[in-house]
Amino acid sequence: PPVAPTTTTTTTRHGAAHRRTDDDDRARGGGRRPSGSVPSWRHSSAESRRRLAATAALVSRPVPSRALVETRRPDDDDRGGAARARRRASSDAASSDDDADETQNNLKAADKADADDPNSVLFKARQERERRALRRIQELGAAATPEVVGLPNGAYVKLRIEGVPAEFFERTFDKSRPLLVGGLLDHELVAPGQPLPYALCRVRRHRWHAKILKARDPVLFSCGWRRFQAAPIYAVEDADGLRHRFLKYTPEHQHCVAVVRAPPVAPNTPLIGFHARGVLQERGSTEDDDATPGAATHQPFRATMVGVVTAIKAASPVVKKLKLQGFPYKVERNTAFLKGMFSSALEAAKFEGAHLKTASGIRGAVKKALVGKSDEPGSVRATFEDKLLLSDIVTCRLWVPVEPPAFYAPVLSHLWPSQRRRRPSNHQRREVNDEAAADNGGDDELGADVTGLARTAAEVRRAERVPIPVNPDSVYGATAIERRPRKFAAHTIPAKLAERLPFASKPKELPKRGAR
């Protein structure tokens, strides 16, 4: 007999009810299932119901993030204390600017607690370094001396310095000024007798310095472990990067390139510069007691420049423009003989092939240096695009290298007598000069400059009351320059050419009115 179809209701993933019958199953499977067997879709529906129940249970309760689920342990409360303290300190700093000091202390305390925590990463990294050092010492055995493996961090050492003069302790050593001991690498040293390289620095005038800086003025540099005085020159790099143009003064509000003679320094090393005035004087002695008008006054301590070392060069890359002028004394068509441009035949021979140009724009080139008896020293033969006049001025544009002065003086202030560290007043300086001259028989050692550093030309002029030298050729407008009007020769057209010209271009040779 026919069997009634069985109806089953299931719930899909989206929650909709779906009714299935045996007829549907037979239609899908292609026949009637055997008696006692369980249809396959009933297994799938049971599995779906179980998965849906598990998903609903997970959605109904808050689930921590994956990172917290994987790293959560019973002792995480103690281990994450330093991290929570750091996060709390960071949030406090972001929320209130008034608690900046307290936040900084909290951060330091958190870092210290994290470093002392046996379960922290910093503590384990430190233990790993110690184990590696101990393993290395065990491998070396008897050869594990301090010269080979070094000294551990925090160890107290005793340095023995040989060759220290006794005057260092008698006259200069001051217990209130501790000595800082440092070291230099092999590539930071210069062999005896070798010239110092050129340090290229990217600097700018410090905003606290009142004036712009002049090239070749001595500046006291503090760069790395060294403190020295040198005379830098300044330059600006072209847009194409081909050359560095010399600058007499630093720009007002932008960076420039400073080239200075200095020992090798690693690139990206910061530096700061000062003027020698007031650098080594103590506070409270910045002014003279009885300064007179015109005498050298000591200005207070100020930084002059800040920057960074960019490169070390064996030669100075700075160049400046130079124009040599010459005058023709003989002209033959497009060839002209020039004089006054070079001083000797040897110098003129070095410039064979150089480009020339007149004030009117005619271009030319140097062909040969003249060495005849009738020729002046330094005369040359040159050719031009057009015929020159004897009144033309010929120029030769050149780029000549510029080098900073070979001046390098390390600051040895700790080796000076203690009484020379404080800059005295004029009255005290005169007393010291008189006493030194009386004791040394005229040798004025203590009466010299108390800093022992070079001074600028302006400071020397003010101290010695020397006027500024004036070049009369550089004074403009002092005397009136009278220039006579230039008269050119009359322009004549040949008669045969005038006959062939059109009527509009023919010269109109009409008699002047009233000449008849």
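Guide: Helices (H or I, at least four residues) and strands (E, at least two) are DSSP runs, numbered from the N terminus. On that basis Leu 151 is found in the loop between α8 (146–149) and α9 (167–172), and the chain has 13 helices and 17 strands. This is a predicted model, in which local features need pLDDT of at least 70, side-chain atom pairs count only at pLDDT 80 or more, and totals for chains, interfaces and linings use all residues. Residues are numbered from 1 along each chain as its sequence is written, and side-chain values use heavy atoms, with hydrogens and water left out.

Visitor: Why is Leu 151 called exposed?

Guide: Buried means under 20% relative accessible area, exposed over 50%, and partly exposed in between (1.4 Å probe, protein chains only). Leu 151 has 52% relative accessibility and therefore counts as exposed.

Visitor: Why does His 209 count as buried, and what does His 209 touch?

Guide: The relative accessibility of His 209 is 12%, so this residue counts as buried. His 209 lies in the loop between β3 (198–205) and β4 (219–223). Contact means heavy atoms within 4.5 Å; leaving aside residues up to four places away in sequence, His 209 touches His 275, Ala 303 and Thr 304.

Visitor: Why is Gly 353 called partly exposed?

Guide: Its value is 47% relative accessibility, so Gly 353 counts as partly exposed. Gly 353 is found in the loop between α10 (345–350) and β13 (355–358). The C-alpha atoms of Gly 353 and Gly 364 are separated by 9.4 Å, with the two residues 11 apart along the chain.

Visitor: How do you know that the span of α7 is close to the expected one?

Guide: The expected span of a helix is 1.5 Å times one less than its number of residues. Helix α7 (residues 121–140) has 20 residues, and its 29 Å from first C-alpha to last is close to the expected 28 Å. Just after α7, Gly 141 takes a positive phi of about 75°.

Visitor: What makes a nonpolar core, and which residues have the most contacts inside the largest one?

Guide: A nonpolar core is a set of buried Ala, Val, Leu, Ile, Met, Phe, Trp, Tyr and Cys residues joined through side-chain atoms within 4.5 Å. The largest has 19 residues, and those with the most contacts inside it are Cys 201, Val 203, Phe 221, Tyr 234, Val 260, Leu 271 and Met 305. Two or more residues come from each of β3, β4, β5 (226–230), β8 (256–261) and β10 (303–313). A second, separate core of 18 residues includes Met 341, Ala 369, Ala 382 and Val 394.
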